Amino acid sequence: MRTPIFGGNWKMHKTVKEAIHTVEDLKEEIGNIEEVEVVVFPPFTALNAVKAVLKETQIGLGAQNMYWEEKGAYTGEISPLMLLEAGCRYVILGHSERRGYFGETNLRINKKLKAALELGFVPLVCVGEKLEERRKGKAKGVVATQLRECLEKVNSPEVQRLVIAYEPVWAIGTGETATPQQAQEMHRLIRDILLELLGEELAASIRIQYGGSVKPENIKDLMRQPDIDGALVGGASLQARSFARIIRYKNKNSLRNI
Ligand code: PGA
């Protein structure tokens, strides 16, 4: 049984004050929800303040990126130890915006992943094809290569904590979601590659999230797919109300205000 995991990726949004308000509201909206795992990914500057609000809740705290070295002359980077100290247990690695705007490569993601696993994080490794790649029929090949290169020589027992986020670049922030069938097809492919790389047991237990314009209106159909184990949510996680409706996708009451 894979516990569904929902991440709220706030990207470069929210001052400390706004972040505090959002998690206070989120706490209230979702209460003590137990059957799913919920994590928020605020900007670095708000981590400490959000950690304080999340104390004694089930909501986890994560970072949107990290460097693989623990300390040193790396101006502008953030170390895994600093993130642990700030209360993070989760970290997003290789988001398509990092790949696209900041030159993140599979090799770098691989180094970050190894450091993250070693230090006890739950890493969310993002993969996904661009629109031209899908149009040219290359989506599967692109995602397979990303996954293989990001997971190169990652075989410690800690890999069981790994989460993969399939996020087609053309669906991120565009309002266009992959259909549940398109998403399932890619999630199946990812699980098959995990099987080949890590064996049956791990492939069956590693969670694969979908990301890309997830909203309260489309989450239910996505979650019906056998290999979709949660969502990484950008825009719709900025408001506690809509993020909570996504998290409570099973609960009829969450549809009350649609
Ligand atoms: P979106 O972003 O939900 O705004 O499309 C998803 C993501 O980038 O993780």
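**Reading contacts, cores and a helix pair**

Reader: Leaving aside its neighbours within four places in sequence, which residues is Asp227 in contact with?

Author: With those neighbours set aside, Asp227 is in contact with Arg2, Gln184, His187, Arg188, Arg191 and Ile208. Keep in mind that this is a predicted model. You'll find Asp227 in the loop between helix H10 (219–223) and strand S8 (230–233).

Reader: Is Asp227 buried or exposed, and why?

Author: Asp227 counts as buried because its relative accessible area is 3%, and the cut-off for buried is under 20%. Its side chain makes a polar contact with the side chain of Gln184 at 2.8 Å, and another, of 2.5 Å, joins it to the side chain of Arg191.

Reader: What about the nonpolar residues: how many does the largest core have?

Author: The general idea is that nonpolar side chains tend to be buried together in soluble globular proteins. Here the largest nonpolar core has 73 residues, and Phe6, Val40 and Ile164 have the most contacts inside it. Helix H8 (residues 180–198) gives the most to this core, seven residues. Apart from that core lies another of 11 residues, including Ile5, Phe41, Tyr90 and Val122.

Reader: And how do I read the way helices H1 and H11 cross?

Author: Two packed helices are described by the angle and the distance between their axes. For H1 (residues 16–30) and H11 (residues 240–247), the axes come within 9 Å and cross at roughly 35°. That crossing is right-handed. On the H1 side, look for Thr22, Asp25, Leu26, Glu29 and Ile30; they meet Ala240, Arg241, Phe243, Ala244 and Ile247 in H11. By class, this contact has six nonpolar, one polar and three charged residues.

Notes. Residues are numbered from 1 along each chain as its sequence is written. This is a predicted model: local features need pLDDT of at least 70, side-chain atom pairs count only at pLDDT 80 or more; totals for chains, interfaces and linings use all residues. Side-chain values use heavy atoms; hydrogens and water are left out. Axes are lines fitted to C-alpha atoms, for helices over the stretch in contact, and angles run from 0 to 180 degrees between N-to-C directions. Helices (H or I, at least four residues) and strands (E, at least two) are DSSP runs, numbered from the N terminus. A crossing is left-handed if the near helix is turned anticlockwise from the far one by less than a right angle, and right-handed if clockwise. Contact means heavy atoms within 4.5 Å. Ala, Val, Leu, Ile, Met, Phe, Trp, Tyr, Cys and Pro count as nonpolar, Asp, Glu, Lys and Arg as charged, and the others, Gly among them, as polar. Buried means under 20% relative accessible area, exposed over 50%, partly exposed in between (1.4 Å probe, protein chains only). A polar contact is a pair of N or O atoms within 3.5 Å; within protein, one must be able to donate a hydrogen and the other to accept it, and residues adjacent in sequence count only if both atoms are side-chain atoms. A nonpolar core is a set of buried Ala, Val, Leu, Ile, Met, Phe, Trp, Tyr and Cys residues joined through side-chain atoms within 4.5 Å.
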